[in-house]
Amino acid sequence: MCTVVVNAVGQQCPIPVVKANRALREMTEAGMLEVHVDNEIAVQNLTRMAAGYHLSSRWEKAGAGEYVVTVEVSAPVGETPLEEPELVCTPAGGSGLVVAVDSDAMGRGSEELGRTLMKGFLFAVTQLPRLPETMLFYNGGAKLTVEGSGSLEDLKKLESQGVEILTCGTCLNFYGLAEKLAVGGATNMYAIVEKLAGASKVIKP
């Protein structure tokens with residue numbers, strides 16, 4: 001019994017399903033198909049794909065921001081699923097809004113005032129009737145997601161309500177803060193560009 005592993009970490013809908021479909025159809029014997037992804041939308045779509053072939057599947061969280069979906073393949077599936085799955089590429093009711101924060105101070109002029117304004121801005125985000133899907137922190141903004149930040153309580157509240165909090169890993173390393181990240185996860189520039197490109201609206205304080 002073989003095990004086929006597909007790495008789709010960092011790739012957005014529908015790419016994980018496309019890769020998994022290709023691998024599934026190339027399997028010539030019974031076995032396991034393991035697909036590694038980094039978002040829950042991909043997990044949902046992969047389980048729908050498996051159901052379309054009438055195959056059982058399960059998933060587990062493999063680490064911070066990573067999931068493994070395992071599909072049990074009892075026999076080669078052929079070219080066409082028994083039932084075509086309906087893919088969902090955005091969360092139900094998602095706002096499509098991304099907040100991009102590149103400094104720990106808002107605006108130009110007084111740094112002290114700017115930090116006060118940024119703290120007020122992040123609190124105001126928690127009060128929005130429709131929360132952002134993702135908040136990106138890079139360059140000086142990386143200082144807001146680490147231990148000692150005055151905005152941690154607000155950011156943790158947002159994360160608990162389903163907002164994705166991502167901080168530039170290169171920026172954390174540059175400032176010597178990689179070990180102090182206290183909310184959300186670290187990410188890379190490719191993912192940041194992908195999030196910004198896929199947003200319906202971007203707010204940059």
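**Note on the β-sheet and its surroundings**

1. Valine 98 has valine 202 as its bridge partner in β9; strands (E, at least two residues) and helices (H or I, at least four) are DSSP runs numbered from the N terminus. The model is predicted, so to speak of local features requires pLDDT of at least 70 and side-chain atom pairs count only at pLDDT 80 or more, while totals for chains, interfaces and linings use all residues. Residues are numbered from 1 along each chain as its sequence is written, and side-chain values use heavy atoms, without hydrogens or water.

2. The chain passes from β5 through α3 to β6 in a right-handed β-α-β crossover (with the strands pointing away from the viewer, the path from the first strand over the helix to the second runs clockwise).

3. The sheet is open and has 5 strands in the order β8-β7-β6-β5-β9, paired in parallel. Its edges are formed by β8 (185–187) and β9 (201–203), each of which pairs on one side only. From one strand to the next, the twist averages 30 degrees (axes are lines fitted to C-alpha atoms, for helices over the stretch in contact, and angles between N-to-C directions run from 0 to 180 degrees).

4. Strands β5 (residues 97–101) and β6 (residues 134–137) run parallel and are connected by 4 bridges. In β6, valine 98 has threonine 134 as its bridge partner. Packed on the sheet is helix α3 (residues 111–126), which touches β5, β6 and β9 (contact: heavy atoms within 4.5 Å); the direction of α3 makes about 160 degrees with that of β6. Helix α6 (residues 189–198) lies across β5, β6, β7 (164–168), β8 and β9, and runs at about 135 degrees to β6.

5. How many residues of β5 are buried? The count is 5 of the 5, so the strand is largely enclosed by the rest of the structure (buried: under 20% relative accessible area; exposed: over 50%; partly exposed: in between; 1.4 Å probe, protein chains only). Side chains in a regular strand alternate between the two faces of the sheet. In β5, Leu97, Val99 and Val101 point one way, whereas Val98 and Ala100 point the other way.

6. Threonine 134, located in strand β6, counts as buried because its relative accessibility is 4%. Its side chain makes a polar contact of 3.0 Å with the side chain of glutamate 164 (N or O atoms within 3.5 Å; within protein, one able to donate a hydrogen and the other to accept it, and residues adjacent in sequence counting only if both atoms are side-chain atoms). Beyond four places in sequence, threonine 134 touches Leu97, Val98, Val99, Val163, Glu164, Leu166 and Lys195.

7. Valine 183 occupies the loop between α5 (169–174) and β8. Valine 183 is buried, at 2% relative accessible area. Leaving aside neighbours within four places in sequence, its contacts are Thr145, Leu152, Leu155, Lys156, Glu159 and Ile165. Valine 183 and leucine 166 are 17 residues apart in sequence, with a C-alpha to C-alpha distance of 8.5 Å.

8. Are cysteine 2 and cysteine 171 buried or partly exposed? Cysteine 2 is partly exposed, at 22% relative accessible area, whereas cysteine 171 is buried, at 13% relative accessibility. The structure holds 0 disulfides (cysteine sulfur atoms within 2.5 Å).

Technical notes:
Pairing = 2+ DSSP bridges.
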